[in-house]
Amino acid sequence: MSDAKAEVKSQQKISAKAWDENAVPRHRIQWCPGCGDFGVLAALKMALTKLEVTPHELLMVGGIGCSGQIRNYLNGNAFHGTHGGALAYALGAKMANPDLKVITLAGDGDTFAIGVENFVHVCRRDPEVMLIIMDNGVYGLTKGQHSPTYGRGMDITEWSEESPPPFSPLRLAMTAGCTFVAQSFSGDPKHSAEIYAEAMQHRGFAMVNDFSPCVTYNKFNTYDWYKERVEEIPAGHNTSDLNAAWELLNDFDRREKLPLGVVYRNPRRKKAAKRLPIWTEDLQKANVAPLFQMFR
Amino acid sequence: MAQVIESAQKETESLISGSEAIAVACKLADVDVITAYPIRPYDTVMQYVAKLVANGELDCEYIVAESEHSQFEIVKHASAAGARVFCGSSGVGWMYAFEALTVTPALRIPMVAMVGNRALDDPGAFGVEHNDALAVRDLGWMLVWVDNAQEALDTALIAYRVAEDRKVFLPCAIGCDGAFLTHSQILVKIPPQEWVSAFLPPYNRGDLLLHPDNPITIAPQVNEDWLMELRKQNDEAMKRAQKLIPQVYKEFTGIFNRNYGNPFFEEYQTEDADVVLLGMGTMSMPVKVAIRQMRKEGKKVGFIRLRWFRPFPAEELAETLGRFKAVGVVDRDYSFGSPNFTGVLATEIRAALYPAAKRPPVLNFICGLGGREVTVPDVKRMSEMLLKQASGEKQPIVTWVGIRE
Ligand SMILES: Cc1ncc(C[n+]2csc(CCOP(=O)(O)OP(=O)(O)O)c2C)c(N)n1
Ligand code: SF4
Ligand SMILES: [Mg+2]
């Protein structure tokens, strides 16, 4: 191995470890054993390591739910706001400081119930923010009530106002103008990590709907249930063709399968953003020597 | 007074929590539409309601909405169309519904809601605090706090009876302390359906019913032309509620054979008391225990537990408080920047006392915020300060009890 390569390798090792530092010892992981969110955590670490993101560059905005807890289990800047508001915070943070890598980590309840208007309009606005939805079909943290994605794959012929059918997060995203639409499965973290890495590099809003089974409250959409149905999107799929994306979803539906991978990716042409020129310039002017002195 | 109705069905006893008692009240009141959005501790009521529906014991429309805002809007309009409704939330969930909450009284919707009292969250607290429910105190909601599961069940039935009286038609929120009441069980007497049916007639919206045969507009644009008159109508309705409440409790006692005494506030060992503590909700348990212990040492401390916060029994309470040498208001809430930087209840008590002939000094204790326990030693500390004040040794107006310095 050349010296240069060894150097890169050792840096990567440090970087992988960096994601655990501070995080785990301070925050004992509170998820149930077997929770799908563990797979998302593992995949996220892999993706961040692969892209060599450092903790100080990252802002994780957590939704309210079991899923949003993930921000405590990774080293990095984190923000915990109100239920349904995560994407609005992410949008604000990214606009104020475009240098931040902003990722939003939220549940299906947070994103598609109370926060659905933020989801739809962030799709329209297209900020450079990644969203991972840990889709388990239930409000896990509040003990398993049905969320808007509950009922996926169930053989129910009659619905009611009280128990409506689930909707498709991917279709909602595409309808709302999302420019990167993908799906992953926490039972396959290596594949998820690849999707997350692609999403993080997208020049716009990137949503990844991750099937993340709630082993405690969703006894229908289990790991095994998903394993029988998930299927990687064929290599020849033209991700930049919106019609092809719709057709792909219809085809998977017809075959009662669930697509994994990038369904649609089409960066928008955008005006150069006018951003608040804060941070960097202000920091350059600031005299931080006395501050450092204080902590010596 | 009406007699206890002879019934083939018997009163039963069951070990249930405050939340379960509220769900049982919904069943007994034969509520038509219930909506929910999960949040602790209100979600426990949801679970019991769901169980009753699933078991076929409660026949109602039960919608788990997509947010508290939709939740309260759905029942509001179901009520306008003639359905008896139940709703509720906790902490930030209640606040998320705020727009719907503000317009409910003006539309004269007799909704009954349960607020599983919870701190207003950030940065992460789920324990009891009363600021959530108190936020609607100026908006035309009736507000009542209960102390145990039996009182929760009874008060829910009473709330329907008062709210749905055509002279009132205002919403009523029942404050139930998170965890201490929502999650703790006691043996509760569950009345037979016949008694409840005799006490609570069907909901009749009369001329305000939204129905094709009764074409009306709800919430038309009134602007400055009529808004003041509408506010005044609400004000009159609240005043009528104050008169009606004792009457309803009297009927309740006649049918259910349970007597709450003064419906507005409970007095505990006050006959010969020199000083009294005054508070709302489940703090009454440690307060009463401490009082019993202090009485053995000859310290004459009493307790007043306020039930109805809106309508507020100002005159009656002021007259009662005039009997004591000092009053200690225990607030499980806080009002930042308020007169003298006190809790909400303390300000209300002082306002009630102002026109009174006898005005004892009022001390304010901020205690048990965010679910922290109000302990027996806390109560003793507060009582000692009151006794000192009563004997002429001046004490600070506000004390945060049990706080780390
Ligand atoms: C305004 C408001 N309403 C309700 C809640 C209670 N609450 C906390 S988490 C949650 C739902 C979580 O479901 P989801 O977003 O799917 O996350 P999961 O726990 O399943 O990962 C709810 C309703 C809240 N915190 N704030
Ligand atoms: S309740 Fe469900 S979503 Fe929450 S930690 Fe447990 S398994 Fe995961
Ligand atoms: Mg969920």
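**Exercise 1. How many bridges join strand 1 of chain A to strand 3 of chain A, and in which sense do the two run?**

Solution. The structure is a predicted model, in which local features need pLDDT of at least 70, side-chain atom pairs count only at pLDDT 80 or more, and totals for chains, interfaces and linings use all residues. Residues are numbered from 1 along each chain as its sequence is written, while chains are lettered from A and ligands numbered from 1 in the order in which they are written.

Step 1. Helices (H or I, at least four residues) and strands (E, at least two) are DSSP runs, numbered from the N terminus. Two strands pair if DSSP finds at least two bridges between them.

Step 2. Strand 1 (residues 58–62) and strand 3 of chain A run parallel and are joined by 5 bridges. Within this pair, Met60(A) stands opposite Ile103(A).

Step 3. Strand 3 of chain A also pairs with strand 4 (residues 129–135) of chain A, in the parallel sense and over 6 bridges. Here Ile103(A) stands opposite Met130(A).

Step 4. Strand 4 of chain A is in turn joined by 6 bridges to strand 8 (residues 206–211) of chain A, again running parallel; Asp135(A) stands opposite Phe211(A).

**Exercise 2. Is strand 3 of chain A mostly covered or uncovered?**

Solution. Step 1. A residue is buried if 20 or more other C-beta atoms lie within 10 Å of its own, exposed if 12 or fewer, and partly exposed in between, with C-beta atoms placed from the backbone.

Step 1. By this criterion 7 of the 7 residues of strand 3 (residues 101–107) are buried, and the strand is mostly covered.

Step 2. Lys101(A), Ile103(A), Leu105(A) and Gly107(A) point one way, Val102(A), Thr104(A) and Ala106(A) the other way, and all are buried.

**Exercise 3. Between which chains does ligand 1 lie?**

Solution. Step 1. Ligand 1 lies between chains A and B.

Step 1. The ligand is surrounded by 25 residues, the closest being Gly65(A), Ser67(A), Gly107(A), Gly109(A) and Gly140(A) (a residue is near a molecule or strand if its C-beta atom, placed from the backbone, lies within 6 Å of it).

Step 2. Two or more residues of this shell come from each of helix 5 (108–114) and strand 5 (138–139) of chain A and helix 4 (91–96) of chain B.

Step 3. The shell divides into 11 nonpolar, 11 polar and 3 charged residues. Ala, Val, Leu, Ile, Met, Phe, Trp, Tyr, Cys and Pro count as nonpolar, Asp, Glu, Lys and Arg as charged, and the others, Gly among them, as polar.
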